[in-house]
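Me: I should like to learn how to read the features of a helical model. Please take them one at a time, with the general idea before the case.

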Amino acid sequence: MTMKEAQAEAEAVAGGDLGGASLWHDAWHDLRRRWIFWGAVAVLGVVAVMAALPGLFTGRDPNEGCDPNLARLGPSGEHWFGTDLAGCDYYAQVVHGARPTLLIGVAVTLFALLIALVFGMLAGYYGGVLDAVIARLTDVFFGLPFVLGGTVILVAFPGHGVGAMTLVLVLLGWTTMIRIMRGQVIAVRDADYVQAARLLGASDLRIMVRHILPNAVAPVIVVATLNVGNVIVGEATLDFLGVGLQYPQVSWGLQLNQAKDAFMSHPHLLIFPAAFLSATVLSFLLLGDAVRDALDPKLR
């Protein structure tokens, strides 16, 4: 047996590789038996297809073919969800509104997760001055309220497209995950399998990627799953307040903004986007709860 083979076998026996793989295998086995998990996945699957391929659900453009004479009509065979204030088909707007809402929620969470994994790992593993600098920077951003901070930034810099919304929400949405990642790394960096890999001459990068990350990332993944729903709510709130996406863009938050003054006389303007928004957010929350329970052996 060569020295490299011996090192690989010793590291595997130490538990750095097997522990993470076993955790995820057991979690997936547990998730497959949960109807809540499959229900949430089914709803999110429909929303994802709606966002990626809206043409499968409607052949109408949300901002074309509008007739002011047909404004605020209730649901009918011609217009399933009725029409909006400009006489546009409301079903088409709800379908097309899924794309920016879901895109911003997922993109913000992925970028925030990447920031948390990289800087949380570095802060927790090396400690010292680097940890102190990252911790203080995190405290600064943690003190900025999510919706209020987003409102102030977006008001100061007009022209709010999907890219600008994503950037602002990433700027305000990474702090919780980086704290959890840092704490998890600190908890496992002195474990026996990490010490064994270090004594065998493994580099810091290999230790972090092969041994610490698989055994520290589970709680962060849970928070990231829950965070998608929170970001979607934040994006919809900013749109509702008029500082997020702007017309002629279409999103569920903008539709709620449009409906706020006409709910009593035309309730369909609020009910349909609110129902889709609520179902999407609830599905992400239920998915996060299911993943959390599956990853925590004490909750099985």
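This is a predicted model: local features need pLDDT of at least 70, side-chain atom pairs count only at pLDDT 80 or more; totals for chains, interfaces and linings use all residues.

Reply: Residues are numbered from 1 along each chain as its sequence is written, and side-chain values use heavy atoms, with hydrogens and water left out.

Me: What does the secondary structure of the protein chain come to?

Reply: Helices (H or I, at least four residues) and strands (E, at least two) are DSSP runs, numbered from the N terminus. Here the protein chain has 13 helices and zero strands. Its C-alpha atoms fill a box of roughly 80 × 45 × 30 Å along the principal axes.

Me: How many of the residues in the protein chain are buried, as a percentage?

Reply: Buried means under 20% relative accessible area, exposed over 50%, and partly exposed in between, with a 1.4 Å probe and protein chains only. Of the 300 residues in the protein chain, 44% are buried.

Me: Which share of the contacts joins residues 24 or more positions apart?

Reply: A contact means heavy atoms within 4.5 Å. Among contacts in the protein chain with a separation of 6 or more, 73% are between residues 24 or more positions apart.

Me: How is the span of helix α4 to be read?

Reply: The expected span of a helix is 1.5 Å times one less than its number of residues. Helix α4 (residues 90-126) has 37 residues and should therefore span 54 Å, which agrees with the 54 Å between its end C-alpha atoms. At the start of α4, a side-chain oxygen of Asp89 lies within 3.5 Å of the backbone nitrogen of Tyr91. After α4 comes Gly127, with a positive phi near 60 degrees.

Me: What does the span of helix α10 show?

Reply: The end C-alpha atoms of the 13-residue helix α10 (residues 204-216) are only 16 Å apart, short of the 18 Å that a straight helix would reach. The buried residues in α10 include Ile207, Met208 and His211.

Me: Where is the place of His160, and why does His160 count as buried?

Reply: His160 is in the loop between α6 (146-156) and α7 (162-172). His160 counts as buried because its relative accessibility is 10%. Leaving aside residues up to four places away in sequence, His160 touches Leu154, Val155, Val243, Gly244, Leu245, Gln246 and Gln249. The C-alpha atom of His160 is 21 Å from that of Ala259, 99 residues apart along the chain.

How values were computed:
A polar contact is a pair of N or O atoms within 3.5 Å; within protein, one must be able to donate a hydrogen and the other to accept it, and residues adjacent in sequence count only if both atoms are side-chain atoms.
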